Amino acid sequence: MWYHKPAINEELLQSLPNLKVVASSGVGIDHLDLKLLFSYGVKVSNTPFIVSTDTADMGMALLLASSRRLVEGHEMAVSPDTEYFPGDWLGVEVSGATLGILGMGTIGYKVAERAKAFEMKILYHNRNQRKKEEESAVGAVYCKKIDDLLQQSDFVLLAVNLTPQTHKLIGKRELDLMKPTATLINISRGLVVDQDALVEALQNKVIKAAALDVTYPEPLPRDHPLLKLKNVIITPHIGSATKKTRWVMMEEMAESIEAGLAGLPIPREVL
């Protein structure tokens, strides 16, 4: 499967009685009906670890691009209407700012490692608190309650898996808790955020900005209000989109398929 295609439904499974394994690219498995697949005796694999470094890089890229208004700056610099650069055209400082990370798994932790190099203060919320030595290595402080993280952070970065518990994790109530100067960054899944509530929050200056590598649907309809807002950066779900990573993802998927066909243990099997 690549970009969630083909759709794995009962009709497809019935038409493929000898199917042994489904190899899915990337880390997310929210697009898969695991109970259905397992009921047909089909094994599942994904490629969770290879994508983490590039996705963390993407998270920091979005944070920097949004805070320093790189997209707007580029448009100004190349516009045929530009006669001078205004001296009061300002961004937001990153060094010394507070970054709140929701989801401190492999990707979230790699973001924290990068943020430490920018001398950011790091807060995080996770289902399970990290070991003290892991926290100390990046200077991260655990927030047991999401609300505490939202209220204190200048940047809130989402790196959670999409589950029933994280579906629309960030809605109107959560956005209202954030600082009016805060930026929301999403590198997880579009459905982790209530997009209607986000549009309203951005339009009414409840938060300052958003930087999104994921939306729902993808791509957004061309008349979607998020596409018309100046305080939003949207990229086309390219967190893992580097040549090396995509090549290794393909290799790992092929390894899983070969193992499944040979009846061997499947690397990176989803259980």
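The area buried between domain 1 and domain 2 is about 690 Å², with carbon and sulfur atoms giving 49% of that. Buried area here is the accessible area, taken with a 1.4 Å probe, that two parts lose on being put together, summed over both. On the domain 1 side, V27, D30 and F49 supply 57% of the area buried against domain 2, more than any other three residues.

Before I go on, this is a predicted model: local features need pLDDT of at least 70, side-chain atom pairs count only at pLDDT 80 or more, and totals for chains, interfaces and linings use all residues. Residues are numbered from 1 along each chain as its sequence is written, and side-chain values use heavy atoms, with hydrogens and water left out.

Now the bounds. Domain 1 is 10-49 + 242-262, and domain 2 is 51-80 + 91-234; such bounds come from an automatic or database domain assignment. Over C-alpha atoms, the two domain centres are 29 Å apart. In contact terms, meaning heavy atoms within 4.5 Å, 10 residues of domain 1 meet five residues of domain 2.

What about polar links? Between the domains there are five residue pairs in polar contact, both residues at pLDDT 80 or more. That term means a pair of N or O atoms within 3.5 Å; within protein, one must be able to donate a hydrogen and the other to accept it, and residues adjacent in sequence count only if both atoms are side-chain atoms.

The side of domain 1 that touches domain 2 has four nonpolar residues, five polar and one charged.

How many salt bridges cross the interface of domain 1 and domain 2? The rule, a side-chain nitrogen of Lys or Arg within 4 Å of a carboxyl oxygen of Asp or Glu, finds one. D30 also forms a salt bridge with R189, the closest N and O atoms being 3.1 Å apart. D30, as I said, is one of the three residues that supply 57% of the area domain 1 buries against domain 2.

Conventions: Nonpolar A, V, L, I, M, F, W, Y, C, P; charged D, E, K, R; others polar.
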